[in-house]
Amino acid sequence: MSQTSFEFKADANDSSPLYMQIARKLSDDVLNGRYQVDQALPSERTLSELLNVSRVTARKAIDQLVDQGLVVRRRGSGNYIAPRIEQPLSNLTSFSEQLQQRGHIPGSRWLKRAIVAPTPEEQLSLGLSPYSKVARLERLRLADDVVMAYEVSVLPQTVLNDPNAVGNSLYQYLDSINKSPARALQHIRAMNASAELAAQLGVPEGQALLYITRIAYLETGEAMELTHSYCHSDHYDFVAEMRRAT
């Protein structure tokens with residue numbers, strides 16, 4: 001974002017603080033695609049000089065964008081537009097595949113990998129007996145080192161016997177052992193971040209998240225994956241092609 005590309009005029013009829021007005025203008029421009037992923041924002045000093053406001057006001061405006069997940073701070077480098085994923089709802093792709101297709105570097109910060117007893121919900125969703133075991137994978141999903149989502153995946157032990165063998169991409173590993181999913185059912189809804197989720201994702205408690213539940217199936221029809229994903233809503237666009245029934 002160049003110094004001359006950002007235009008802002010305070011609204012005399014808007015009673016909200018100036019920093020919030022600036023943050024809303026920047027936020028609208030980011031969400032409308034005016035600025036690109038990884039594009040640098042002006043420094044706080046540059047923004048304050050450009051808009052003739054104090055550096056405290058400029059800093060608080062940028063803080064708002066960071067809290068919303070639209071901007072990421074890189075120590076010693078500056079403030080940059082955060083990654084964003086456009087996910088077609090008709091394609092069954094992994095998180096890593098989505099990012100690689102868009103030129104980002106996927107990553108995982110592992111929190112847990114273990115063989116455990118399934119919960120009643122997991123037994124029902126995956127069609128398991130009470131005495132079955134499952135592999136539980138708990139991790140933060142990263143794009144260019146930016147936290148995008150907190151994810152918990154559960155697979156029958158008969159599908160994934162060694163959870164520690166999984167690298168950044170679960171589906172890539174499943175491909176290597178010939179146990180790739182053939183189809184999946186996915187449900188998406190909005191929710192507010194609990195204190196625990198807020199701490200995991202680095203967002204304020206109560207912030208809106210996207211909650212995605214996916215059940216994937218093998219070609220045989222056997223349920224083989226249950227994944228709960230809690231995503232930064234500002235990082236995701238879901239796209240669906242629809243046709244009128246005839």
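Reader: How many aromatic pairs does the count come to here?

Author: This is a predicted model: local features need pLDDT of at least 70, side-chain atom pairs count only at pLDDT 80 or more, and totals for chains, interfaces and linings use all residues. Residues are numbered from 1 along each chain as its sequence is written, and side-chain values use heavy atoms, without hydrogens or water. Rings of Phe, Tyr and Trp (its six-membered ring) pair if their centres lie within 6.5 Å; planes under 30 degrees apart are stacked, over 60 edge-to-face, the rest tilted. By that rule, the count is 2 aromatic pairs.

Reader: OK, what angle lies between the planes of tyrosine 150 and tyrosine 230?

Author: These two tyrosines form an aromatic pair, 5.8 Å centre to centre. Tyrosine 150 is in strand β6 (residues 146–156) and tyrosine 230 in strand β9 (residues 223–232), 80 residues apart, so the pair links distant parts of the chain (strands are DSSP runs of E, at least two residues; helices are runs of H or I, at least four; both are numbered from the N terminus). The pair is stacked, and the angle between the planes is 25°.

Reader: Is tyrosine 230 buried or exposed?

Author: Buried means under 20% relative accessible area and exposed over 50%, with partly exposed in between (1.4 Å probe, protein chains only). Tyrosine 150 comes in at 9%, so that one is buried. Tyrosine 230 has a relative accessible area of 17%, so tyrosine 230 is also buried.

Reader: How far apart are the ring centres of tyrosine 211 and tyrosine 230?

Author: Their planes sit at 15°, so the pair is stacked, with the centres at a distance of 4.9 Å. Tyrosine 211 is in strand β8 (residues 208–217) and tyrosine 230 in β9, so the pair ties together parts 19 residues apart in sequence. Tyrosine 211 counts as buried at 14% relative accessibility. To repeat the distance between the ring centres, it's 4.9 Å.

Reader: Which residues form one aromatic cluster?

Author: Tyrosine 230 is stacked with tyrosine 150 and also with tyrosine 211. The cluster is therefore made of Tyr150, Tyr211 and Tyr230.

Reader: How many residues are in the largest nonpolar core?

Author: A nonpolar core is a set of buried Ala, Val, Leu, Ile, Met, Phe, Trp, Tyr and Cys residues joined through side-chain atoms within 4.5 Å. Leu126, Tyr150 and Tyr230 are among the members of this core. The core has 23 residues.

Reader: And how many residues are in the second, separate core?

Author: That core includes Tyr19, Leu47, Ala61 and Leu65. Leu47 is one of the buried residues of helix α2 (residues 44–51). The second core has 17 residues.

Reader: How close are the N and O atoms of arginine 136 and glutamate 122?

Author: They form a salt bridge, a side-chain nitrogen of Lys or Arg within 4 Å of a carboxyl oxygen of Asp or Glu. Arginine 136 lies in strand β5 and glutamate 122 in helix α5 (residues 120–126), so the pair ties together parts 14 residues apart in sequence. Arginine 136 counts as buried at 12% relative accessibility, and glutamate 122 at 6%. The closest N and O atoms are apart by 2.4 Å.

Reader: Which residues do salt bridges that share partners join into one network?

Author: Glutamate 151 meets arginine 139 in a salt bridge at 3.3 Å, N to O. Glutamate 151 also bridges to arginine 141, with the closest N and O atoms 2.9 Å apart. The network joins Arg139, Arg141 and Glu151.
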